[in-house]
Amino acid sequence: MSAPTPTPDQQRSVLERFPAGAPRGSWPAEEFAAARRDQGIDARVVMDLNSDQFLVVTDTP
């Protein structure tokens, strides 16, 4: 599943960054994103291959 590309009037904001080397069975980026979704923020996790980090992002108008 690929993330939607922001339209020209939208901008992607990074809410938090997590290192990719989390302990086995630990999903801190997913847990953080889920907590933001519970607050009504459309957050999702993407991988930044250049920095080897998971980013929790949201598209903002």
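Biologist: Which residues lie nearest the centre of the largest pocket?
Modeller: Ala20, Ala22, Ser26, Trp27 and Phe54, out of 14 lining residues. A pocket here is an open set of points on a 1 Å grid over the protein atoms alone, where a 1.4 Å probe fits, with protein on both sides within 12 Å along at least five of seven lines; lining residues have an atom within 4 Å of a point.

Biologist: Before we go on, what kind of model is this?
Modeller: This is a predicted model: local features need pLDDT of at least 70, side-chain atom pairs count only at pLDDT 80 or more, and totals for chains, interfaces and linings use all residues. Residues are numbered from 1 along each chain as its sequence is written, and side-chain values use heavy atoms, with hydrogens and water left out.

Biologist: OK, back to the pocket. What is its volume?
Modeller: The largest pocket has a volume of about 170 Å³, taken as the space filled by probe spheres set on the points, with grid points joined across faces, edges and corners.

Biologist: And what supplies the largest share of the lining?
Modeller: Helix 1, with 3 residues. The lining divides into 10 nonpolar, 3 polar and 1 charged. Ala, Val, Leu, Ile, Met, Phe, Trp, Tyr, Cys and Pro count as nonpolar, Asp, Glu, Lys and Arg as charged, and the others, Gly among them, as polar.

Biologist: New topic: what is the strand order in the sheet?
Modeller: The order is 1-3-2 in an open sheet of 3 strands, with antiparallel pairing. Strand 1 (11-19) and strand 2 (43-48) stand at the edges, each with a single partner strand, so one side of each has no neighbour in the sheet. Helices (H or I, at least four residues) and strands (E, at least two) are DSSP runs numbered from the N terminus, and two strands pair if DSSP finds at least two bridges between them.

Biologist: How many bridges join strand 2 to strand 3?
Modeller: There are 6, while strand 1 and strand 3 pair over 8 bridges. In strand 3, Val57 stands opposite Arg44, Leu55 is the bridge partner of Val46, and Phe54 stands opposite Met47.

Biologist: What about the hairpin of strand 2 and strand 3?
Modeller: That hairpin has 4 residues between the strands, and Asp52 takes a positive phi near 55 degrees.

Biologist: Last one: how many salt bridges are there?
Modeller: The whole structure has 2 (a side-chain nitrogen of Lys or Arg within 4 Å of a carboxyl oxygen of Asp or Glu). Asp59 forms a salt bridge with Arg12, with the closest N and O atoms 3.4 Å apart. That pair links distant parts of the chain, Asp59 in strand 3 and Arg12 in strand 1, 47 residues apart. Asp59 is also the bridge partner of Arg12 in the sheet pairing.
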